[in-house]
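Please study the sequence and the structure before working through each solution.

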Amino acid sequence: MIREISAGGVVVREIEGVWRIALIEPQKDDSGEAKKGKPSRAVLCLPKGLVDAGESAEAAAIREVREETGLVAETVSKLVDTRYVYVRTWGDGERVFKIVSFYLMKYVSGNIGEIAEDMRIEVKRAVWIPLADATKHMAHGGERKVVALAQEHLAERGLQPKKSVPRGKSAARRYHKDV
């Protein structure tokens, strides 16, 4: 069985007194239609990707977050290693044992969705979602558990948003642009 090692990030940011999380919508092939001819629902997930040769899992997570969301983030803590098996739906149809190291990260800079053109092959869009609602929008059960761990980590350490309300229209516009 093939093995893959990946890493990803749960990037949080306080916007208007609410913790938000950066999620991505991966690109789908044109055949991705739901039953009864209806368009399929957006699939949101955590930014993640393969660890390159000679790269640490933490460095890969930071790089993948930047590439897939347009954000610069710093690691707060390692959350968990997830393990699962999947079957490739492309090429050889091989079974793959995958390990993904997830890190809780804090937003540093950048604008969500400013993704390099060469990454558009993988990522359709990146969005900020309220952390409290994130699992309702996420496709994969394993990643929903990772987000729940991030919520627990923040709560256990008393890290709550400041409940500040931006002053003036310019601040409101700035926050709206990032959401």
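**Exercise 1.** Which residues does Glu64 touch, not counting residues up to four places away in sequence?

*Solution.* The model is a predicted one, in which local features need pLDDT of at least 70, side-chain atom pairs count only at pLDDT 80 or more, and totals for chains, interfaces and linings use all residues. Residues are numbered from 1 along each chain as its sequence is written, and side-chain values use heavy atoms, with hydrogens and water left out.

Step 1. Locate the residue: Glu64 belongs to helix 1 (residues 57–69). Helices (H or I, at least four residues) and strands (E, at least two) are DSSP runs, numbered from the N terminus.

Step 2. List the contacts, meaning heavy atoms within 4.5 Å. Leaving out residues up to four places away in sequence, Glu64 touches Ala7, Pro47, Lys48, Gly49, Leu50 and Thr69.

Step 3. Classify the exposure. Buried means under 20% relative accessible area, exposed over 50%, and partly exposed in between (1.4 Å probe, protein chains only). Because its relative accessible area is 6%, Glu64 is buried.

Step 4. Consider the charges: a network of salt bridges links Glu64 with Asp52, Glu55, Arg63 and Glu67. A salt bridge is a side-chain nitrogen of Lys or Arg within 4 Å of a carboxyl oxygen of Asp or Glu.

**Exercise 2.** How many salt bridges does the structure hold, and which parts does the pair Lys98 and Glu4 tie together?

*Solution.* Step 1. The total is 13 salt bridges.

Step 1. In one of them, Lys98 pairs with Glu4, and their closest N and O atoms are 3.3 Å apart. Lys98 lies in strand 5 (residues 95–110) and Glu4 in strand 1 (residues 2–15), so the pair ties together parts 94 residues apart in sequence.

Step 2. Lys98 and Glu4 are both buried.

**Exercise 3.** Are Glu143 and Lys48 buried or exposed?

*Solution.* Step 1. The side chains of Glu143 and Lys48 form a salt bridge at 2.6 Å, N to O. The pair links helix 3 (residues 141–156), which holds Glu143, to strand 3 (residues 48–50), which holds Lys48; the two residues are 95 residues apart.

Step 1. Both Glu143 and Lys48 are buried.

**Exercise 4.** Where does Arg157 lie?

*Solution.* Step 1. Arg157 is in the loop between helix 3 and helix 4 (168–178).

Step 1. Arg157 forms a salt bridge with Glu156 (3.5 Å, N to O).

Step 2. Arg157 counts as partly exposed because its relative accessibility is 47%, whereas Glu156, at 62%, counts as exposed.
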